[in-house]
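Please look over the sequence and the structure before reading on.

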Amino acid sequence: MSDTPDPSSPSSEVRARRLPRPSSLFSGGAFVIVASIGYFTINAKTEDILHLYLGIMMLVGAALPALLWARRADYRFPVFEVFMLTGINTYAIPILTGHEQLARYPAETVTAAAFAVVVFQIVANVTYASIRGLPKRGGMWTEEVIASNITDYLGYGMAITTTYTVVSGFTNWIPNDLNSVLRAACYGVGIISTFIQARMWGEGTLPHYRKGIFLFQLALQVLFSWAALFLIGGMSILILALLGYVSGGKKIPVLAIAVVLPVIAILHNGKSMMRDKYWEGRAPQPTISELPEFFSEWVGYGLDPPQNQTGGRETTKVLDRSSLFHIMCLVASQTPETRPYLNGETYAFVPGQFIPSFFWKGKPPAHVATNHLSVYYGLQAIEDTTKTTIAFGLLTEAYANFGLFGAALLGATFAFCYKKYGNWTANSPILSYPGLVLIVMMAWSFQAELTLAAWLGSFYQACIVVLGIPFLVRNFLGR
């Protein structure tokens, strides 16, 4: 048998031993950041000059790790880099564009909130740059769980997820008691299948015939997810595929982004009208055969919304919805003067998320920490939390618990963990147990709206599924 690595294998050493080449991703990214700084220096909608400086610092602090990754001649997963990059849309852009809800707070509150974000970024970046570690060389770290030809089955993995999305969204065939288990298993398979194939495409090792199948199934999953009128589900799938492609080839799929972003903006613009009709008006949910008409109606609302619902700021509204900075300002305006620091109260919910519901019938929901924060800061009554969840995010939660110290501690902790694990898995094949965990980390790196209990609980459950399925395949099916 030949010892030459199979170039179509996602775990091939070929990907780890590429010759360094100039990265257009770095030069393009650097140009965008410099241009953005210049644009906001002239056009920022900040009332205080200090807010402009803090906003630019937040922009640079969020983008710097990604730029450094793009410049390096290695293809390690940019987990920490993506984690930090979310700070652009959640914190930097809202302050620089004058998010409408910031007008509620005095300048000193906005300054305090922005300063907390900057402290978090500085500590995280310094910690990440300071941590050292060598790749692990034991069998668990370097051996594939399943043979390399598992890539032949990645299309089947996506088909399983697509089928589940259809069945769960358009039928009542799945009993409620089994739905959560099947959802975790099918989406776990989908995460692995989507990311690996997108990464192979970026590397140039995905066969042409698989590209069409991959795109078709990706589009189906996104559309079926959006049929529930939740854009975030489909967007998460697209972001995961984008990260796989970029991490594999260090290049941006410009054409794909140019097509997808306007579609998302249009759908977002018409989402409230569709929800008014299908949720509040209780219009019947569409069947699969009615989806073309359903999306046609949605696009119509997005392109030409009713006069009383349009603001002419479609792109800005998409960014506004991803903002967490106004929530940070809310917490900074009340803590600690009006409401004391929580001193770890929301973190006390973390251990319970690791106990299966089967063993704890009254287990708190995944968003129990988010609900606690919403009630504590007067955004919701307890009974309202069962209907609506208000995103706080890891950083705002840390500030609510321990102030600036909490923000710094959060940055140091995540940077340390990401850097250590990234170093340990530098030589781990994607289809090893550590490599599979790394894919889950990649999928969770942009979940900026979660609190720690929800983040760790969902991450833990995903790891159980993603590691458990290959374990069963290897030990019981002999593959």
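Which residue with a positive phi follows H15? In this predicted model, the residue is Gly378, whose phi is near 75°.

## Helix H15

## The chain as a whole

The protein chain has 18 helices and zero strands, and buried residues make up 48% of its 479 residues. Among the contacts with a separation of 6 or more, 77% are between residues 24 or more positions apart. The chain exposes about 23,600 Å², and carbon and sulfur atoms supply 65% of that area.

A search of the whole structure for disulfides finds zero. Are Cys329 and Cys417 buried or exposed, or something in between? Cys329 counts as buried because its relative accessibility is 0%, and the cut-off for buried is under 20%. Cys417, by contrast, has a relative accessibility of 42% and therefore counts as partly exposed, a class that lies between that cut-off and the one for exposed, which is over 50%.

## The second largest pocket

Rolling a probe the size of a water molecule over the atoms shows where empty space is left. The second largest pocket holds about 720 Å³ of space. Its lining is made up of 33 residues, and those closest to the centre of the pocket are Arg72, Asp74, Arg76, Phe77 and Tyr128.

Which helices each supply at least two residues of this lining? They are helix H2 (49-71), helix H3 (79-85), helix H5 (107-130), helix H16 (394-424) and helix H17 (433-444). When the lining residues of the second largest pocket are divided by type, 18 are nonpolar, seven are polar and eight are charged.

## The largest cavity

The structure also holds four cavities of 30 Å³ or more, and about 160 Å³ of space lies in the largest cavity. The largest cavity is lined by 14 residues, of which Phe83, Thr86, Tyr91, Phe120 and Leu395 lie nearest its centre. Two or more residues of this lining come from each of H3, helix H4 (87-96), H5 and H16.

How many residues of each type line the largest cavity? The lining has 10 nonpolar residues and four polar residues, with no charged residues, whereas the lining of the second largest pocket includes eight charged residues.

Definitions and conventions
Residues are numbered from 1 along each chain as its sequence is written. This is a predicted model: local features need pLDDT of at least 70, side-chain atom pairs count only at pLDDT 80 or more; totals for chains, interfaces and linings use all residues. Side-chain values use heavy atoms; hydrogens and water are left out. A disulfide is a pair of cysteine sulfur atoms within 2.5 Å. Buried means under 20% relative accessible area, exposed over 50%, partly exposed in between (1.4 Å probe, protein chains only). Helices (H or I, at least four residues) and strands (E, at least two) are DSSP runs, numbered from the N terminus. On a 1 Å grid over the protein atoms alone, a cavity is a set of points where a 1.4 Å probe fits but cannot get out, and a pocket is an open set with protein on both sides within 12 Å along at least five of seven lines; lining residues have an atom within 4 Å of a point. Grid points are joined across faces, edges and corners, and a volume is the space filled by probe spheres set on the points. Ala, Val, Leu, Ile, Met, Phe, Trp, Tyr, Cys and Pro count as nonpolar, Asp, Glu, Lys and Arg as charged, and the others, Gly among them, as polar. Contact means heavy atoms within 4.5 Å. Accessible areas come from the Shrake-Rupley method with a 1.4 Å probe; for residues, only the protein chains shown count as cover.
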